[in-house]
Amino acid sequence: MLDIRSLTKIFATQPQKAALNGLNLQVQKGEFVTVLGSNGAGKSTLFHAIAGEFFPDEGQILLEGKNITFQAAHQRSRFIGRVMQDPMKGTVPAMTVAENLALAEHKGIKGKKLFSSITKSQKEQFQEKLALLGLGMEDKLEQPVGLLSGGQRQALTLLMATFQQPKLLLLDEHTAALDPATAEKVMQLTQAVIEQHNITTLMITHNLAHSLAFGNRTILMDKGKIVMDVQGDQRKAYTPQLLMEQFHQLAGEETTTSQQSFALL
Amino acid sequence: MISIQSLLGAAEQGLIYSLVAMGLYISYRVLEVADLTTDGSFTLGAACSACLATTGNPLLGLLMAFVGGVLAGAVTAFLQTVCKIQPILAGIITMTGLYSINLIVMGNRQNLPLLKNSTLFTMVEEILGKQMGGLVAAGAAALLVAGFLVWFLSTQLGLMVRAAGNNPTMLVTCAVSPAIGVVTGLCLANGIIALSGGLLAQQQKFSDSNLGTGMVVVGLASLIIGETIVGKGKTFRSVVGILVGSVVYRIIIALALRSNLGASNLKLVSAVIVAIAISLPAIRSAWEVHKRKKEAAAGA
Ligand SMILES: Nc1ncnc2c1ncn2[C@@H]1O[C@H](COP(=O)(O)OP(=O)(O)OP(=O)(O)O)[C@@H](O)[C@H]1O
Ligand SMILES: [Mg+2]
């Protein structure tokens, strides 16, 4: 389904260090992969490359057999959904909840009725979807998104990213900016939407317990490469403690700083 | 202190110039770029409109003014999105090029008088009389464009323009290239601004190659005065603010003309208004901090 072959990216500002260093990754349809790695391991860079924010220096990205390595980012968005860490990034703060949803409802410009305003039936449909989130946003259709809380925004972004089921969903620490209770709530919503539509998903997290509790495969990145990949029965036997030990071993000498960012829940 | 006559005159002018502020609302407020194409596209509109009015086609002239402005906006948008030139510089480049084009449109003359030619304004004045005709024509044009703008910014394409200004990343995740929003916005903004120039040329019965000089500042002044009086908010509120602000701005100018400031200092007055109005939030917050510092010092 997703096939990444020897992907390399070296940023001009850090020529001595490859952010992605010949990375290989194959993901099957319906897989939910959690991605671990210390700060600077290249996790977000991998996601940016998959989403097309920049083109890699070397390597290929194939999605369902199609080579998308040099496809423009906005074109990939038709089948790749994204929720980023920063709640400000996924929505337009100056526009209302309904207006944000209307833009996200159909991907691309071909599916949109360019010269029509939001209809009543659209609003009712939005309200139904928002009610399912259970965050009280169904009454806030006409409010600017800028007035929502971070958790509400992330839930809204998740809804927008999965409005039309994407082939691939990328979640980059999408609950990291939220308080523990809201983070838990957004994680449950995430789990529900992924299971409901069986969406192939990659999720970056710094939470070791989450990385095992969610999904069916866990990978560990270090220095632009995948250094650990567990799934199936092998993964079932893992505990956060075991993962932590492996992490120290595999992610090398630089783990002292990353220890702090790893919360053992 | 100011006669009804000159008040009506100010209203008429204000309504015509309100289109400049509406165009700048799209580029400056919605797209969040300072688009300096404005000066050039305003003059281009005046040139197109005057040129066709001399051949007896004033209404076609207004249409061509709009079309010309759209094309000017398209050039700036092309420079911004495809050539990746900074928005301000892209606007300056187009504006500079337009200076020559405007002279060509006016038949290589610095100005083009419309003394005996029929215009939109003479046509309406024939029906409604000299007193109200001009005001009605200007008002109708302003309300038409205002209504269009409110409607347009609520459509899907309008939402794309708004998203392109406020958060282009989100537009990318919706599988729309932000360039579409930028192109649409700049074309529409400059089309409306050129229409304003076209209307002004027909109203004052002449076009001049320097008509648009400083028009960005004039438009921004009206926009900001409107926001100060009516407040910011949804598009509807902003557009009402623009109509009010443009008329108020013209009244201020009329007053300045009657005092001993003189016509040659008008641009300076506009510049000062804009500088003060745009820096007002910064001045206000600096003042707040200053006050609280003092209070804290007094409390300690
Ligand atoms: N746009 C960029 N320009 C230059 N260097 C970059 C850029 N993006 C990332 N890098 C560098 O690439 C490396 C990998 O960064 P990346 O953001 O992918 O790490 P990460 O694994 O997501 O870390 P974190 O857990 O902190 O989010 C870092 O050294 C970073 O400084
Ligand atoms: Mg990251």
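Two strands pair if DSSP finds at least two bridges between them. Helices (H or I, at least four residues) and strands (E, at least two) are DSSP runs, numbered from the N terminus. This is a predicted model, where local features need pLDDT of at least 70, side-chain atom pairs count only at pLDDT 80 or more, and totals for chains, interfaces and linings use all residues. Residues are numbered from 1 along each chain as its sequence is written, chains are lettered from A and ligands numbered from 1 in the order in which they are written, and side-chain values use heavy atoms, with hydrogens and water left out.

Start with the sheet of six strands. This open sheet of chain A has the order β6-β7-β8-β3-β9-β10, and its pairing is mixed. Its edge strands are β6 (80-83) and β10 (225-231), each pairing on one side only. From one strand to the next, the twist averages 20 degrees. Look inside this sheet at β3 (residues 32-37) and β8 (residues 200-204) of chain A. Four bridges pair them in the parallel sense. Here A:Val33 stands opposite A:Leu202 of β8(A).

Helix α6 (residues 180-197) of chain A packs on this sheet and touches β3, β7 and β8. Contact means heavy atoms within 4.5 Å. The direction of α6(A) makes about 170 degrees with that of β7(A). Axes are lines fitted to C-alpha atoms, for helices over the stretch in contact, and angles run from 0 to 180 degrees between N-to-C directions.

Now move to the other sheet. Four strands of chain A form an open sheet in the order β2-β1-β4-β5, with antiparallel pairing. Strands β2 (20-27) and β5 (66-67) of chain A stand at the edges with a single partner strand each, so one side of each is left without a neighbour in the sheet. Strand β1 (residues 2-9) is joined to β2(A) by five bridges. One residue pair to find is A:Leu7 with its bridge partner A:Leu23 in β2(A). Helix α1 (residues 43-51) of chain A packs on this sheet, touching β1, β2 and β4 (58-63). α1(A) also lies across β3, β6, β7 (168-172), β8 and β9 (217-222) of chain A.

Finally, find ligand 1. Among the residues that come nearest are A:Lys43, A:Ser44 and A:Thr45. Polar backbone atoms also approach oxygen atoms of the ligand: one of A:Gly40 is 2.9 Å away, and one of A:Ala41 is 3.2 Å away. A polar side-chain atom of A:Glu173 lies 3.3 Å from an oxygen atom of ligand 1.

Notes
A residue is near a molecule or strand if one of its heavy atoms lies within 4 Å of it. A polar contact is a pair of N or O atoms within 3.5 Å; within protein, one must be able to donate a hydrogen and the other to accept it, and residues adjacent in sequence count only if both atoms are side-chain atoms.
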